[in-house]
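Me: I should like to learn how to read the features of a protein fold. Could we work through one structure together?

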Amino acid sequence: MRADRLEQVFLTPKGGRFEVLLVLESEAGARERVVLTAPTPGVGTAAQLGAGRFVARWLAQRGAGPAAFVRVRRHRGDLLEDAPAVRDELLRELERLTEAAG
């Protein structure tokens, strides 16, 4: 069974953009990790939100969706912190794309 529910997103600044690690899970519990590079240049707030929208588009194109709880975290120096604004942007965009498709 294909992993098609997004559980976690990790944003890591790399080369002037964000590297995005997605953790997806199937109904049976199988996990898949996918690494993408967000197309939005920069590593500030606008780029973080752009990375969230990029993940939403990637999920929509794949026919995947969110798990019951999605956690988005970002690396800031040596710290890993929650990014609720990015999570909200990702889920809003995914909902918008789902409604537009269906």
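Me: In what order do the elements of the chain run from the N terminus on?

Reply: In this predicted model, the order is β-β-β-α-β-β-α.

Me: How does the radius of gyration of the chain agree with that of a compact globule?

Reply: A compact globule with 102 residues would have a radius of gyration near 13 Å, and the chain has 13 Å, so the two agree. Along the principal axes, the C-alpha atoms fill a box of roughly 35 × 30 × 20 Å. Of the 102 residues, 39% count as buried.

Me: What span should helix H2 have, and how far apart are its end C-alpha atoms?

Reply: Helix H2 comprises 18 residues, 84-101, and at 1.5 Å a residue it should span 26 Å; the end C-alpha atoms are 26 Å apart, which agrees.

Me: Which residues of H2 are buried, and why do they lie on the same side?

Reply: An α-helix has 3.6 residues a turn, so residues three or four places apart point the same way. In H2, the buried residues are Val-86, Glu-89, Leu-90, Glu-93, Leu-94 and Leu-97. They cover an arc of only 130° around the axis, and therefore sit on the same side of H2.

Me: What covers these buried residues of H2, and which exposed residues does the face turned away carry?

Reply: The cover includes strand S1 (5-14), helix H1 (45-62) and strand S4 (65-76). The face turned away from the buried side carries the exposed residues Pro-84, Thr-98 and Glu-99.

Notes: Residues numbered from 1 in each chain as written. Predicted model: local features only at pLDDT ≥ 70, side-chain atom pairs only at ≥ 80, totals over all residues. Heavy atoms only, no water. Helix = DSSP H or I, 4+ residues; strand = E, 2+ residues; numbered from the N terminus. Expected span 1.5 Å × (residues − 1). Buried < 20%, exposed > 50% of the residue type's maximum accessible area, 1.4 Å probe, protein only. Arc of directions from axis to C-beta. Contact = heavy atoms within 4.5 Å. Rg over C-alpha atoms; globule rule 2.2 N^0.38 Å.
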